[in-house]
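User: I have a model to go through with you. Can you put it up, and then we take it piece by piece?

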There are 2 protein chains.
Amino acid sequence: MNPRADTGFGLGNLPYGVDDSGHVVVAFGDEVIDLASAQGLDVGPKVWTSGSLNAFMALGPDAWAHTRSQLQSVAPQQPARARRPRSEVRLVLPWEIGDYTDFYASREHAEAMGRLLRPGEDPLPAAWLHLPMGYHGRAGTVVVSGSSVPRPSGLLPGPTGPVFGPTARLDVEVELGFVVGTTVPRGRPLPARAADSHIFGVVLVNDWSARDIQSFEYRPLGPFLGKSFATSVSPWVVPLAAVDPWRVEGPVQTPEPAEYLKTGEPRGLDVKLSLAVNGTVISTVSSGGLYWSMAQQLAHLTVNGAGLRAGDLFASGTISGALAGSEGSLMERSREGSWLADGDTVTISGWCGDRARGPWISLGEVVGDVVPGL
Amino acid sequence: MNPRADTGFGLGNLPYGVDDSGHVVVAFGDEVIDLASAQGLDVGPKVWTSGSLNAFMALGPDAWAHTRSQLQSVAPQQPARARRPRSEVRLVLPWEIGDYTDFYASREHAEAMGRLLRPGEDPLPAAWLHLPMGYHGRAGTVVVSGSSVPRPSGLLPGPTGPVFGPTARLDVEVELGFVVGTTVPRGRPLPARAADSHIFGVVLVNDWSARDIQSFEYRPLGPFLGKSFATSVSPWVVPLAAVDPWRVEGPVQTPEPAEYLKTGEPRGLDVKLSLAVNGTVISTVSSGGLYWSMAQQLAHLTVNGAGLRAGDLFASGTISGALAGSEGSLMERSREGSWLADGDTVTISGWCGDRARGPWISLGEVVGDVVPGL
């Protein structure tokens, strides 16, 4: 039996967050367990009061597995002083982000964007089927769920040249992210087959985008101010072990990837994501269809000798499906677009499994309100 | 009189570094002053033994100016225990880098690259004259001068499709960087006229580039693995106040920039940079010709509401002049290129003023050896 599994936060989940006093907390049912006060853990309170998950990540994968196993035993028996209602806890950004890289791993999204942005050309960029394309985002503007997003201003395309003003095309991107838990020095490429052990956990990501700023600036250096004003992440980091039961085979890869990108199956992860604006779900999609897996993203990023830091954030890029109702951004829903207005609330929710009948786990949600710019 | 000014490290310079024991040191003549042992400073040893310049930066611009003024008084009278020969000191990366953004601020370089990469098109990207184009680089692979650079591997363009292997087109980029010294919260755009006060100091940057990896990957998301394997910086952070006497007027900007990018003159900074391979200088250029200034880069990056962290690194992008012998990269020297070989040593040196007759200050150098990849 798995107590509280019906909430999505049973013993199969046990995600980590950090509260506003800097304590590491674990979601369990409708409560959180404050690990600084918890009983039955070998890892001591110093790690749980450091203000971020980085101290725990630094202990390494064996400690993550051991602590998870202990929590699965002792979570139901915690004393009252270690427990609080989940609804009363204010969660902060739970880890210190090193570098943030955003990929472009959904074929359906890349093709849709190519058709919109480069009509008449092959919708997929030439390199897209050969490697997981990506770019570096701004780590310093990653914010936790609940943070407001002021409407950004910038130079926008106008009829006779660029015009400065607030974006008129504010969009969202539904993404699945993961947090690197280990440091990998420069010059140690990780083959895709061995990369998963470096993943600490997964988060939901909303990569807010100003499409007019982006379209004016992006050639040839890629996305910059159209993205860098804010990227929101969910407050719960769900251990990779918790989502591992929902592995699925990824799409067949043709042409065959280079050796460093080869990986076993099932390489995909079937996380369902829903996108709601002002409480109305407008899109639902699964990350199981992503062409390039998390391990392939890690292998690609390190193949040139780049190192990793514990806390590096990888995001999938917008996840879209092939069918209407599975678009991961507003831009893909209609050519004219129906963009975000000031006051809108955007909620991305994530889960694995069957919410109605179980088993399932929740990845929680990442929420953001659009507010007027300054 | 300015003692030791002939070395480039007189009282007008006094750049900050960090030694391998984590102490902040200041270059003065052929020596360094260990600030943890120095006499006559109001800022105490805790700040000078923290392993990076970030603790000092956190004290703010008034403390930077006050400490600089005190150092200019007391540097010549330091006791022997606070002094060491500069040649015996091992310097480490002197600050913790938040985000690293690389711009494209040299018109001569942008036009040269456009002609090489997009022959037949307008060499300047459409947005180039309207805003300082840039992209985010990988902060975690910024290394200090003296670090070896293993030749990166990746997918390279081949006659019948991409081929995996070590880059055959390893290049350098001669750049001037600056370090942000203050934290600016999200949603507080800095107009260009007010941005300089947020700059702590300047460094030399070598943004190593693998041109074949870059050319295969860069459309449409911009530079990624072709750059992310290593970026080298000089070990001395030269205070903005030290280079300020070498302000120069920048190129006329037509069309007129948007209001947030407008700035007074002289907006440029006349830092001379030389590029040497295996001890032979092959190029010399000045940053005084950069089209977009440091203050304009800061204004642009923050205009969308993005915040800054103390320690953020901005780099100019490759600095090239209009004449032969002033190219900031090997790619621009000849269409066929003459790329770096394993064992090559690349040295970028920087200075302000007239080295032969003075006055002048040195920005030191950023050195890197190319070694075979793994």
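**Domains and overall fold**

Analyst: In chain A, the C-alpha centres of domain 1 and domain 2 lie 28 Å apart.

User: Which residues belong to domain 1 and domain 2 of chain A?

Analyst: Domain 1 of chain A covers 16-92 and domain 2 covers 100-371. Those bounds come from an automatic or database domain assignment.

User: Before we go on, what sort of model is this, and how are things numbered?

Analyst: This is a predicted model, in which local features need pLDDT of at least 70 and side-chain atom pairs count only at pLDDT 80 or more, while totals for chains, interfaces and linings use all residues. Residues are numbered from 1 along each chain as its sequence is written, chains are lettered from A and ligands numbered from 1 in the order in which they are written, and side-chain values use heavy atoms, with hydrogens and water left out.

User: OK. How many helices and strands in chain A?

Analyst: Chain A has 7 helices and 24 strands. These are DSSP runs numbered from the N terminus, with helices (H or I) of at least four residues and strands (E) of at least two.

User: And what is the radius of gyration of chain A?

Analyst: The value is 20 Å, which agrees with the radius near 21 Å that a compact globule of 374 residues would have. The radius is taken over C-alpha atoms, and the globule rule is 2.2 Å times the number of residues to the power 0.38. Along its principal axes, the C-alpha trace of chain A spans about 65 × 50 × 40 Å.

User: What share of chain A is buried?

Analyst: Of its 374 residues, 63% count as buried. Buried means under 20% relative accessible area, exposed over 50%, and partly exposed in between (1.4 Å probe, protein chains only).

User: Switching to chain B. Where does Val179(B) sit?

Analyst: Val179(B) is part of strand E13 (residues 174-180) of chain B. Val179(B) counts as buried because its relative accessibility is 1%.

User: Which residues is Val179(B) in contact with?

Analyst: Leaving aside neighbours within four places in sequence, the contacts of Val179(B) include Met57(B), Trp95(B), His198(B), Phe200(B), Val237(B) and Asp312(B).

User: What separates the C-alpha atoms of Val179(B) and Leu261(B)?

Analyst: They are separated by 19 Å, with the two residues 82 apart along the chain.

User: Now the backbone. Is the peptide bond from Glu265(A) to Pro266(A) cis or trans?

Analyst: That bond is cis, with omega near 0°. Pro266(A) is in the loop between strand E18 (247-248) and strand E19 (268-269) of chain A. In chain B, the bond from Glu265(B) to Pro266(B) is cis, with omega near -5°.

User: What about phi of Arg4(A)?

Analyst: Phi of Arg4(A) is near 70°, a positive value in a residue other than glycine. Arg4(A) is in the segment before strand E1 (16-19) of chain A, and counts as partly exposed because its relative accessibility is 30%.

User: And Leu14(B), buried or exposed?

Analyst: Leu14(B) counts as buried, at 2% relative accessibility. Leu14(B) has a positive phi of about 55° although it is not a glycine.

Conventions. Contact = heavy atoms within 4.5 Å.
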